Amino acid sequence: MTLGALGAALAVSTSIPPPLPSGWQAKIGTLLPQAGQTVTLLERRPSISTVALELVVAGAGGDREVLRQVTATAARGVAPTYDKRLNISAEDFKRYIVFQNTLASTGKTFRLTVSRDATRVSFGDGPYMNGVLKGVSIDLKTGEMRGPEGFSARPVAVPANDDPDRGLLVRSGFQWRMNGNNAQIGNGVRGTLNLLHLGSGRVLLSYTRKSMIDRKVDDFDRELIVEYTR
């Protein structure tokens, strides 16, 4: 199931983040997974939007069959090639082909390795988790997130979004940006954890990070995206 374009909902980029809502501790506690939570694994998939291209080609009187071939190619996730029979310039053709990422279900479900008590939610590792959340914990009273690298982050509110053109449909949510570096011990991290209450009523949990522990650096950014019902 495609969830929609990745957009502002997955990145709070304003210099002054929205204030945390009233009762935010309880909301975080409600959205975080239960011990042994069953989740669906999601993945990013490339997508090509041709809506603007179709409108401009129709207005220019371009060849409909060529346009059909272009849109069919784009629907397969393959970059289409320019054809002058579209009656627009090659520059306009490139401008109206919009590349974006979508979230889609992999069809795989599993139990998240996570423990929970009255004060903390702690993540371990397991099938499909690939070590992404191993050693991460969130304090249910303070909202503080800690990682195995030894750094911490506080949550900020993610604004609601009811416009599908701006990305995921989000009722509410929280984001933690984990950034730290200690050259003396050789640990560092750059990561973003999102906890989103989607318009569908389900919860999306994602963590993307690149870290260094004991001077051993990840070869690439690690990411885990799951969806579940709470």
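Reply: Two strands are taken as paired if DSSP finds at least two bridges between them. Strands (E, at least two residues) and helices (H or I, at least four) are DSSP runs, numbered from the N terminus. The model is predicted, so local features need pLDDT of at least 70 and side-chain atom pairs count only at pLDDT 80 or more, while totals for chains, interfaces and linings use all residues. Residues are numbered from 1 along each chain as its sequence is written, and side-chain values use heavy atoms, with hydrogens and water left out.

Me: How is the protein divided into domains?

Reply: Domain bounds come from an automatic or database domain assignment. Here domain 1 comprises 24-44 + 106-229, and domain 2 comprises 46-100. Their centres, taken over C-alpha atoms, are separated by 37 Å.

Me: Which strands does β2 join, and in what sense do they run?

Reply: Strands of a sheet pair through backbone hydrogen bonds, either parallel or antiparallel. Strand β2 (residues 38-49) runs antiparallel to β3 (residues 98-111), with eleven bridges between them; isoleucine 48 lies opposite phenylalanine 99 of β3. Two bridges also join β2 to β14, again antiparallel, and there leucine 41 faces valine 226.

Me: What is the order of strands in the open sheet, and which stand at its edges?

Reply: Five strands with antiparallel pairing follow the order β4-β5-β6-β7-β8. The edges are β4 and β8 (152-153); each has a single partner strand, so one side of each is left without a neighbour in the sheet. Strand β4 meets β5 (residues 120-123) through three antiparallel bridges, and arginine 116 has valine 121 of β5 as its bridge partner.

Me: Which residues of helix α1 are buried, and what covers them?

Reply: Buried means under 20% relative accessible area, exposed over 50%, and partly exposed in between (1.4 Å probe, protein chains only). In α1 (residues 24-31), the buried residues include Trp24, Ile28, Gly29 and Leu31. An α-helix has 3.6 residues a turn, so residues three or four places apart point the same way. Elements covering the buried residues of α1 include β4 (114-116), β10 (170-182) and β14 (222-228).

Me: Is threonine 73 buried or exposed, and what is in contact with it?

Reply: Threonine 73 belongs to helix α3 (residues 64-75) and is buried, at a relative accessible area of 18%. Contact means heavy atoms within 4.5 Å. Beyond neighbours within four places in sequence, threonine 73 contacts Val78, Ala79 and Pro80.

Me: What is the mean pLDDT of the protein?

Reply: The predictor's confidence in each residue, pLDDT, runs from 0 to 100. Its mean is 88, and 92% of the residues reach 70 or more. Over residues 1-15 the pLDDT is below 50, and this stretch has 45 contacts in the model beyond near neighbours in sequence.
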